[in-house]
Amino acid sequence: MATLAEQAQGERMARIALSMIAEPNDPTTGYVLAHHGGVETLRLIESDDEVPGLARADVLMWREQLATRITPDLLDQTAQTERHEFGTLIPADKEWPAGLNDLGERAPYLLWTRGAASFLTTALSDRATITGARAATAYGEQVAGELATGLADEERVVVSGGAYGIEGAAHKSVLAASGQTIAVLAGGLDRPYPAGHSELLNRIGDVGLLVSELPPGAAPTRHRFLARNRLLAALSGATVIPEASPRSGSMTTVITARELGRGVGAVPGPVTNVTSAGPNELIKQGFASTVTQPSDVIDLLDADPNPGRAVTRPEVGREFGHRLPSPGTPGRSL
């Protein structure tokens, strides 16, 4: 019987298959894919060959984990994904966002898209990420909306995650201003999450852009949300957090943005609000610039002619009491 690698018709199909059997941000899959490409990665999963640069024990564990997800009808499932009105992007495509390459072995295997993929071809300085607390206060949502509106007025693309609270406020404000926005999802594009934002996300798919590294049908999990945050950081020249608790998953976006040399901004807030504790501490410890108006975000975007340079990893997770996940460990469903 032909192997999966032998049946895969080219790099795109191979990467689609990988997205269906490997969790996002899996370090071993990312390493093999970066060094060998999609088709060869599939072959190595199903073979007994050694993988240069990886310990034999790690390769065996990786194969055991992924092989159980390879079913006889996997390629049929892969072909069925083409029935959805979604596009796919791989690094060889001209629309592939160059900023994702800065993630190195942590880059997504491919992107699923719905909408204006041209939003991904602009310079990093043309895109800003706004993320933060789901249980945001009225203050946080107001500031997020004002920042998003100001960015839209300056023809910058606002990137966010489609969640309740800060992210929803940012998307809604951009749409109200007839601006451009991208929503990066932690599940399949055919499963808008949260359900209460289905109408909003469908609207973004119609006039903006929906993006996911997960195939149609995939459900969001805690691990996938945290993995998604690295994409929020890498797609933009700057990340801004209006509100978030110190233990918020949004802090992993800050970590990645700092690792990539991107700008980081935070909005100061009342010391009595736990949702302002995260931004206040970011500013206090020098991890973020103070943001109070859209022009501050524009300054972050335009400050560095080479925002993709790497910098020393800050100890944000430790300082903020945020327990970072193991990249290759699947999380429980939300």
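The protein contains 14 helices and 9 strands, taken as DSSP runs numbered from the N terminus (helices: H or I, at least four residues; strands: E, at least two). The model is predicted, so local features need pLDDT of at least 70 and side-chain atom pairs count only at pLDDT 80 or more, while totals for chains, interfaces and linings use all residues. Residues are numbered from 1 along each chain as its sequence is written, and side-chain values use heavy atoms, without hydrogens and water. Of the 334 residues, 54% are buried (under 20% relative accessible area, with exposed over 50% and partly exposed in between; 1.4 Å probe, protein chains only).

**Nonpolar cores**

- A nonpolar core is a set of buried Ala, Val, Leu, Ile, Met, Phe, Trp, Tyr and Cys residues joined through side-chain atoms within 4.5 Å.
- The largest such core has 31 residues, of which L42, I45 and W62 touch the most other members.
- Helices 2, 3, 4, 5 and 9 each give two or more residues to this core, and helix 2 gives the most, with 5 residues.
- Beyond its neighbours within four places in sequence, I45 is in contact (heavy atoms within 4.5 Å) with L18, I21, W62, R63, L66 and I70.
- Another core, of 22 residues, lies apart from it and includes A136, L147, V174 and L300.

**Helix 9 (198–207)**

- The buried residues of helix 9 are L200, L201, I204 and G205.
- These residues lie on the same side of helix 9 because they cover an arc of only 140° around the axis, taken from the directions from the helix axis to the C-beta atoms.
- The face turned away from the buried side of helix 9 carries the exposed residues E199 and D206.
- The buried residues of helix 9 pack against strand 2, helix 8, strand 5 and strand 6.
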